[in-house]
Amino acid sequence: MSHNTFGHLFRVTTWGESHGPALGCVVDGCPPGIELTEADVQAWLEKRRPGQGKFVTQRQEPDAVRILSGVFSDERHPQQVTTGTPISMLIENVDQRSRDYSEIAAAFRPGHADYSYFAKYGVRDYRGGGRQSARETAARVAAGAVARKILAGVAIRGAVVQIGPHAVAADRIDFSRTEENPFWAPDPEIVPVWEEHLEAVRKAGSSTGAVVAVEATGVPAGWGAPIYGKLDAELAAALMSINAAKGVEIGAGFAAAALSGEENADEMRAGNDGPIFLSNQAGGVLGGISTGQPVTARVAFKPTSSILTPRRSLNEAGEEIELRTKGRHDPCVGIRAVPVVEAMVACILADAFLRHRGQTGLG
């Protein structure tokens with residue numbers, strides 16, 4: 001299967017399936033001499049780990065990472081650092097329940113990629129979706145931990161800003177408050193509303209969608225490239241590659257269509273350290289190049305396709321069937337998507353930084 005790698009100078013390849021013995025990634029292009037330990041990576045994997053609440057999948061995976069290559073330490077170098085060679089990381093799967101999927105071995109789950117994978121390859125791993133499973137995103141989070149080590153001075157924070165029809169008001173979004181609750185909510189006052197909504201969804205055996213917002217501060221002006229290497233285009237592609245993502249907005253996004261030219265143009269005034277922008281409708285990117293403002297994006301996630309309600313479908317023989325999906329699933333995938341969104345932004349920004357430094361010599 002091709003297209004398992006993304007990035008240019010900072011390149012990430014993920015591998016593994018949901019119910020295989022392990023999954024992981026290879027990060028190539030990380031500069032040498034950067035302090036990196038398994039604990040550095042584990043801290044971010046803990047934020048994504050399943051089984052940490054009743055509104056996420058109850059699959060119990062420790063997601064313990066092992067770094068197999070690309071780092072070094074000895075008595076002369078007591079602090080483990082990157083060597084500039086490929087960094088290989090492995091995460092074992094320990095709580096697979098493949099029997100949950102035996103009834104769909106030859107059936108296509110509506111809303112899943114079962115049919116499209118089968119149409120392309122003629123074979124598919126039906127156990128938890130195999131390669132198409134969101135379990136693969138653990139490897140992305142591990143890669144994002146390495147990327148963050150490269151991005152000195154850059155802070156990346158994500159938040160769930162909408163679950164189902166219940167959205168956080170724009171003037172109530174405070175990324176610093178997401179650690180105060182299990183929903184990554186930037187306004188804790190929305191949490192009871194979301195809990196009530198999710199409890200009803202969960203008891204009905206159904207699912208609901210969500211919107212995740214992300215903000216990267218400390219990105220200097222100049223990262224990215226015009227035309228075919230646009231920073232916003234690469235961010236959009238990376239975010240759309242996340243499982244269940246169905247829409248990406250940069251800055252004002254679709255709302256820009258309702259703005260006037262005066263409202264949309266981010267005015268500038270002189271500041272001591274460069275221009276001061278009076279708004280950020282562009283999301284920190286103009287002409288594909290960062291402006292020095294916060295880089296902002298929003299990702300819409302569809303409802304989890306694995307639901308208990310019987311849905312009409314087909315099997316591999318082309319026969320019409322009714323299908324309900326068993327197993328352990330997130331009633332709202334957007335909740336655990338926040339660390340994944342952050343990781344993908346980190347990887348793209350790390351790549352943009354290294355390319356910018358390589359082209360201009362500037363850090």
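Predicted model: local features only at pLDDT ≥ 70, side-chain atom pairs only at ≥ 80, totals over all residues.
Figure 1. Arginine 298 belongs to strand E16 (residues 295-301) and glutamate 249 to strand E11 (residues 245-250), so the pair ties together parts that are 49 residues apart in sequence. Elsewhere, salt bridges that share partners join Arg109, Asp114, Arg124 and Glu316 into one network. A search of the whole structure finds 20 salt bridges.

Figure 2. The side chains of arginine 202 and glutamate 199 meet in a salt bridge at 2.9 Å, N to O. Both residues lie in helix H4 (residues 191-203), three residues apart, which is about one turn of the helix. An α-helix has 3.6 residues a turn, so residues three or four places apart point the same way. Arginine 202 is partly exposed, with a relative accessible area of 35%, whereas glutamate 199 is buried, with a relative accessible area of 16%.

**Figure 3. The pair formed by glutamate 180 and arginine 177.** A salt bridge of 3.2 Å, N to O, is formed between the side chains of glutamate 180 and arginine 177. Glutamate 180 is partly exposed at a relative accessible area of 49%, and arginine 177 is also partly exposed, at 31%. Side chains of opposite charge can pair when their charged atoms come close.

**Figure 4. The buried face of helix H1.** In helix H1, which spans residues 38-48, the residues Val41, Gln42, Leu45 and Arg48 are buried. Seen down the axis of H1, these buried residues fall within an arc of 105°, so they line one face of the helix.

**Figure 5. Helix H5 and its crossing with helix H7.** Two packed helices are described by the angle between their axes and the distance between the axes. For helix H5 (residues 231-240) and H7, the axes come within 9 Å and cross at roughly 145°, and H5 passes H7 in a right-handed crossing. On the H5 side, Leu231, Glu234, Leu235, Ala238 and Leu239 meet residues of H7, namely Val341, Met344, Val345, Ile348, Leu349, Ala352 and Arg355. By class, this contact of H5 with H7 has ten nonpolar, no polar and two charged residues.

**Figure 6. The buried residues of helix H5 and what covers them.** Leu231, Glu234, Leu235, Ala238 and Leu239 of H5 are buried. Viewed down the axis of H5, the buried residues fall within an arc of 130°, so they line one face of the helix. What covers these residues of H5 includes the helices H3 and H7, together with the strands E11, E14 (285-286), E15 (289-290) and E16.

**Figure 7. The surroundings of glycine 16.** Glycine 16 is found in strand E2, which covers residues 11-16, and is buried, with a relative accessible area of 12%. Leaving aside residues up to four places away in sequence, glycine 16 touches Ala22, Leu23 and Arg131. Between glycine 16 and glycine 361, the separation is 345 residues in sequence and 37 Å in space, C-alpha to C-alpha.

Methods. Residues numbered from 1 in each chain as written. Heavy atoms only, no water. Helix = DSSP H or I, 4+ residues; strand = E, 2+ residues; numbered from the N terminus. Buried < 20%, exposed > 50% of the residue type's maximum accessible area, 1.4 Å probe, protein only. Contact = heavy atoms within 4.5 Å. Salt bridge = Lys/Arg side-chain N within 4 Å of Asp/Glu carboxyl O. Arc of directions from axis to C-beta. Axes fitted to C-alpha atoms, helices over the stretch in contact; angles between N-to-C directions. Left-handed = near helix turned anticlockwise from the far one by under 90°. Nonpolar A, V, L, I, M, F, W, Y, C, P; charged D, E, K, R; others polar.
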